[in-house]
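Please look over the structure shown here. A short report on a few of its features follows.

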Amino acid sequence: MIALVRYMITVLLLSQRYLAPLLLFIGLVAVLTTSDTGPLTATYASVAGAMLLCSVWLTMALSGLEDQPHRSIVVVSAGSHLRVLLATVGTAAVWCLLLTAAGLVLPLMFGTHAPGLADLVLGSEVQLTCAFTGIAIGLVCSRLVFRRQGYALVLALVLLLAALLGKGVSPVSVMLTHLQNAPDSAAALGLTSVLLAVAAGFLAAAVAIALVIARRKA
């Protein structure tokens with residue numbers, strides 16, 4: 001599995017398809033947090049929204065790196081569709097962890113804040129919640145499921161809007177509403193921990209859906 005993740009990271013680096021979502025994330029964080037002096041609860045909620053968008057884009061790009069014949073060779077070499085799919089998720093998660101670290105630090109550089117431990121834990125949780133949800137959406141809308149990427153893009157936009165704006169539809173919408181009403185980061189940690197687990201469940205369901213469809217197409 002580690003070898004597969006290394007292989008996919010190498011292919012992604014060589015393809016340079018990580019650049020667009022990376023630059024978009026940094027740009028959004030810079031725009032949303034520059035000269036910010038408000039509570040970090042709201043700041044990290046904004047960063048989490050950027051993470052959701054970029055994790056979807058990154059996962060779709062990662063899943064579409066190889067054409068079907070090449071992917072079939074990778075599946076045969078790895079031994080199963082599941083191993084390749086889990087490696088894809090693992091690679092996306094590694095990139096999202098790097099973005100999470102950037103999302104914790106950059107607002108402190110662009111704005112004026114005095115972060116506490118609860119703020120940093122909350123920032124990590126909300127970003128990972130959005131990352132797991134974004135990876136799930138990216139898998140469902142990837143080339144593994146849709147042959148025509150136009151349809152996949154439309155569905156991705158619909159799911160993103162639903163995740164952000166639909167009340168109670170996704171852990172992201174519940175989390176953002178909760179953060180708006182939370183007095184401080186410590187008070188928000190309990191529910192965000194639960195929502196992180198729910199987002200992980202969404203990701204597991206997306207992996208199962210993508211696996212079934214990928215096997216049928218093989």
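## Aromatic pair and helices

The structure holds one aromatic pair (ring centres of Phe, Tyr or Trp, the last by its six-membered ring, within 6.5 Å). Its members are Tyr 18 and Trp 95, and the pair is stacked (planes under 30 degrees apart; over 60 is edge-to-face and the rest is tilted). The centres are 5.1 Å apart, with 25° between the planes. Tyr 18 sits in the loop between helix 1 (2-15) and helix 2 (19-33), and Trp 95 in helix 5 (residues 81-110), so the pair ties together parts 77 residues apart in sequence. Helices are DSSP runs of H or I with at least four residues, numbered from the N terminus.

This is a predicted model, in which local features need pLDDT of at least 70 and side-chain atom pairs pLDDT 80 or more, while totals for chains, interfaces and linings use all residues. Residues are numbered from 1 along each chain as its sequence is written, and side-chain values use heavy atoms, without hydrogens and water.

| Residue | Relative accessible area | State |
|---|---|---|
| Tyr 18 | 18% | buried |
| Trp 95 | 12% | buried |

In helix 3 (residues 40-63), 19 of the 24 residues are buried, so helix 3 is largely enclosed by the rest of the structure.

Note on methods. Helix = DSSP H or I, 4+ residues; strand = E, 2+ residues; numbered from the N terminus. Buried < 20%, exposed > 50% of the residue type's maximum accessible area, 1.4 Å probe, protein only. Expected span 1.5 Å × (residues − 1).
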